[in-house]
Amino acid sequence: MAKKQSGHVHNAPSHDDMIMFSSQDPKPKRIYQLWPGNNTFCCGGRLVFGPDASSLLLTTAMIGAPALTFSIRMAFMIAKSSPLFHSLIMIGSLLLTILDFTFLFLTSSRDPGIIPRNKEAPEAEAEAIDILSNTKLPRTKDVLVNGYTVQIKFCETCLLYRPPRASHCSTCNNCVQRFDHHCPWVGQCIALRNYPYFICFISISTLLCLYVFVFSWVSMLEVHGEMLLVVIMDDTVFIVLIIYCFIVVWFVGGLTVFHLYLISTNQTTYEKFRYRYDKKENPYGKGLFKNLFEVFCSRISPPMINFRDWAQEEPDVEVGSIASELDRAFGPRGDRYDMEMEIGDRKNSKGGLRLKTLDNNIEETLKKKSLGEGTAKKTTPTFKIPGKSSVDVRSR
């Protein structure tokens, strides 16, 4: 009597396969570990930097080097003349430098207002469109803001209609609330939640430049009290500081004045160059004092995403197909396994059959069943995995 054919599939004894089968419950991850944007996270997701956060080193050096040089020069002058005067100047420069670094850190390490992404397009919008017509969601739609019609756009990356004043930053690859611009000097988007800190940072940087510039001149003239040419030749350190601060103050000072103008008119840098509200009605303008109050005195809104939250795992959806059974039993399709097939007493020792051959046999069985030949009882191959129960590969 012929023995009943039985098929047993055995995995090749590899370390990776043993890990795959033994790890039923993968270690949970936090949102920042799975976030698809280009941000850099530190301290377990507590600090959110942009992808170009390394530029902070250059910015720190450009601020710290002249400020520290000026303070050291003042410390040497305390012993020579007017110790109280030079001590106060040195303390003032140190306080301004500490404040400047503090606001630089707050600007670059905070969530600027990142908007959560959607996994799918908005259902309400998708249902309103005829599915059979193959029509995509409209790229724009109109909303009312303070009695004005404002056009908002659909972001194909984040799969959402961006709120008014929001925009998608191509550098960070995120949609951001009240997007102003991406600043390479701080390595972060400047937007709703860090804009007040950015204004304080550039304002104090301007003040620090003016402080070093003015008191370098005052200290030289107070100590030497001679002709200008003699003073220049006698104190090179102060001259270098004066030239450096004179050049830098035009940049940071002009940037500060420009942003104070934007605040007074309730515009962002993006809106200024994109929509030009100077030539038409600004739907966000509230008057000078209310505009200033909104930036400097309003409470900063909480972040829309807590990057330290645990990411929710999606349930294993059963699709009722042989492919899903094989995926759950053997891992992702496309992975190859060396298998040995036992048929009766014979054993194929040359590497066995590949998964592709197994799929072809199953497809032939399904075709026969669909043609009505499946009324009789058929032998359905059962595949066994070491340490797991048998997997029935019949179509559900």
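A residue is called buried when its relative accessible area is under 20%, exposed when it is over 50%, and partly exposed in between. The model is predicted. Lys286, with a relative accessible area of 47%, is therefore partly exposed. Glu294 falls in this class as well, because its relative accessible area is 25%. Of the 396 residues of the protein chain, 36% count as buried.

**Salt bridges**

Lys286 and Glu294 form a salt bridge.

| Glu156 | Arg139 | 2.8 Å |

Arg139 and Glu156, by contrast, are exposed. Arg139 sits in the loop between α5 (123-127) and β3 (140-145), and Glu156 in the loop between β4 and β5 (160-161). These two residues are 17 residues apart.

**Helices α3 and α8**

The protein chain contains twelve helices and 13 strands. Two packed helices are described by the angle between their axes and the distance between the axes. For helix α3 (residues 55-78) and helix α8 (residues 236-265), the angle is about 145 degrees and the axes are 11 Å apart. Their crossing is left-handed.

Which residues make up this contact? From α3 come Met62, Pro66, Thr69, Phe70, Arg73, Met74 and Met77. From α8 come Val237, Phe238, Leu241 and Tyr244. By type, the residues of the contact of α3 with α8 are nine nonpolar, one polar and one charged.

**Thr149**

Thr149 is placed in strand β4 (residues 148-155). Its relative accessibility is 56%, so Thr149 counts as exposed. Leaving aside residues up to four places away in sequence, Thr149 touches Asp142, Val143 and Leu144. Thr149 and Pro283 are 134 residues apart in sequence, yet their C-alpha atoms are 8.4 Å apart in space.

For the protein chain as a whole, consider contacts between residues at least 6 apart in sequence: 63% of them join residues at least 24 apart.

**Confidence**

The mean pLDDT of the protein chain is 76, with 66% of its residues at 70 or more. Where in the protein chain is confidence lowest, and where is it highest? Strand β10 (residues 342-343) has the lowest confidence, with a mean of 37. Strand β7 (residues 174-176) has the highest, at 97.

Over residues 18-23 the pLDDT stays under 50, and the model has seven contacts for them beyond four places in sequence. Residues 373-396 have a pLDDT below 50 and 39 contacts beyond near neighbours in sequence. Where pLDDT is low, the predicted coordinates should not be read in detail.

How values were computed:
Residues are numbered from 1 along each chain as its sequence is written. This is a predicted model: local features need pLDDT of at least 70, side-chain atom pairs count only at pLDDT 80 or more; totals for chains, interfaces and linings use all residues. Side-chain values use heavy atoms; hydrogens and water are left out. Axes are lines fitted to C-alpha atoms, for helices over the stretch in contact, and angles run from 0 to 180 degrees between N-to-C directions. Helices (H or I, at least four residues) and strands (E, at least two) are DSSP runs, numbered from the N terminus. A crossing is left-handed if the near helix is turned anticlockwise from the far one by less than a right angle, and right-handed if clockwise. Contact means heavy atoms within 4.5 Å. Ala, Val, Leu, Ile, Met, Phe, Trp, Tyr, Cys and Pro count as nonpolar, Asp, Glu, Lys and Arg as charged, and the others, Gly among them, as polar. Buried means under 20% relative accessible area, exposed over 50%, partly exposed in between (1.4 Å probe, protein chains only). pLDDT is the predictor's confidence in each residue, from 0 to 100. A salt bridge is a side-chain nitrogen of Lys or Arg within 4 Å of a carboxyl oxygen of Asp or Glu.
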